[in-house]
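I opened my notebook today to look up a few things in one structure.

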Amino acid sequence: MISILKKLKHQSKLFELYKFVTGRIEEAQLKQVASTLTLTTILSIVPAIAVIMAAFAAFPLFATYRESLEQFLFSTLLPEQYSVQIMGYIKEFADTPRPITPNIVKPV
């Protein structure tokens with residue numbers, strides 16, 4: 001009988017903890033915050049990926065590595081709904097030849 005009461009007491013505390021945690025999750029809008037942070041992180045990674053892909057495109061020696069990197073990013077890092085469009089933009093940026101350094105000094 002005592003063991004049953006102890007179990008009920010522990011279950012009661014666990015249920016109170018569960019109610020507290022779920023209440024805090026709803027109060028803090030945790031799902032919304034998590035999804036916002038995830039999208040922000042993915043979008044902040046894109047410029048770094050673009051620079052790396054442009055460096056790989058500049059040197060034909062790295063063509064196989066570039067293909068492997070594209071496949072890896074396409075399959076793992078980016079969500080499927082964004083990956084096709086984002087990878088298209090990155091490939092377009094990397095394939096367009098541009099001077100690496102801007103022309104800062106102008107002749108007088």
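**Entry: the core**

I began with the largest nonpolar core, which has 9 residues. They are Val 46, Ile 49, Ala 50, Met 53, Leu 73, Ile 86, Met 87, Ile 90 and Ala 94. Helix H2 (30-58) and helix H4 (80-95) each supply at least two residues of this core. I noted what the term covers: a nonpolar core is a set of buried Ala, Val, Leu, Ile, Met, Phe, Trp, Tyr and Cys residues joined through side-chain atoms within 4.5 Å. Buried means under 20% relative accessible area, exposed means over 50%, and partly exposed lies in between (1.4 Å probe, protein chains only). As background, nonpolar side chains tend to be buried together in soluble globular proteins.

Which residues does Ile 49 touch, not counting residues up to four places away in sequence? I found Leu 73 and Ile 90. A contact here means heavy atoms within 4.5 Å.

**Entry: ground rules**

This is a predicted model, in which local features need pLDDT of at least 70 and side-chain atom pairs count only at pLDDT 80 or more, while totals for chains, interfaces and linings use all residues. Residues are numbered from 1 along each chain as its sequence is written, and side-chain values use heavy atoms, with hydrogens and water left out.

**Entry: the whole chain**

I looked up the helices and strands next: the protein chain has 4 helices and 0 strands. From the N terminus on, the order reads α-α-α-α. Both kinds of element are DSSP runs numbered from the N terminus, helices being H or I with at least four residues and strands E with at least two.

Of the 108 residues in the protein chain, 13% count as buried. The chain exposes about 9,300 Å², and carbon and sulfur atoms supply 67% of that area. Accessible areas come from the Shrake-Rupley method with a 1.4 Å probe; for residues, only the protein chains shown count as cover. I also checked contacts between residues at least 6 apart in sequence, and 53% of them join residues at least 24 apart.

How many salt bridges does a search of the whole structure find? The search gives 2. A salt bridge is a side-chain nitrogen of Lys or Arg within 4 Å of a carboxyl oxygen of Asp or Glu.

One of them joins the side chains of Glu 70 and Arg 66, at 3.1 Å from N to O. Both residues lie in helix H3, 4 residues apart, about one turn of the helix. Helix H3 covers residues 63-77.

Arg 66 is in contact with Met 53, Phe 56, Ala 57, Lys 91, Ala 94 and Asp 95. Glu 70 touches Met 53, Met 87 and Lys 91.

**Entry: a charged pair in helix H1**

Arg 24 forms a salt bridge with Glu 27, and their closest N and O atoms are 3.0 Å apart. Arg 24 and Glu 27 are separated by about one helical turn, because they are 3 residues apart in helix H1. Arg 24 is partly exposed at 42% relative accessible area, whereas Glu 27 is exposed at 59%.

**Entry: a nonpolar patch**

Leu 14, Leu 17, Phe 20, Val 21, Ile 25 and Leu 30 make a nonpolar surface patch of about 560 Å². Helix H1 (residues 2-27) gives the most to this patch, with 5 residues. Patches take residues with over 30% relative accessible area and no salt bridge; like charges are joined within 9 Å, and nonpolar side chains (Val, Leu, Ile, Met, Phe, Trp, Tyr) within 5 Å. I checked Phe 20, which lies in helix H1; it is exposed, with a relative accessible area of 55%.

**Entry: the rings**

My last stop was an aromatic cluster formed by Phe 56, Phe 59, Phe 62 and Tyr 65. Rings of Phe, Tyr and Trp (its six-membered ring) pair if their centres lie within 6.5 Å; planes under 30 degrees apart count as stacked, over 60 as edge-to-face and the rest as tilted. The count comes to 3 aromatic pairs. Phe 56 and Phe 62 form a tilted pair, 5.4 Å centre to centre with 40 degrees between the planes. The pair of Phe 62 and Tyr 65 is tilted because the planes are at 50 degrees, with ring centres 6.2 Å apart. Phe 56 is partly exposed at 22%, and Phe 62 is partly exposed at 28%. Tyr 65 counts as exposed, at 52% relative accessibility.
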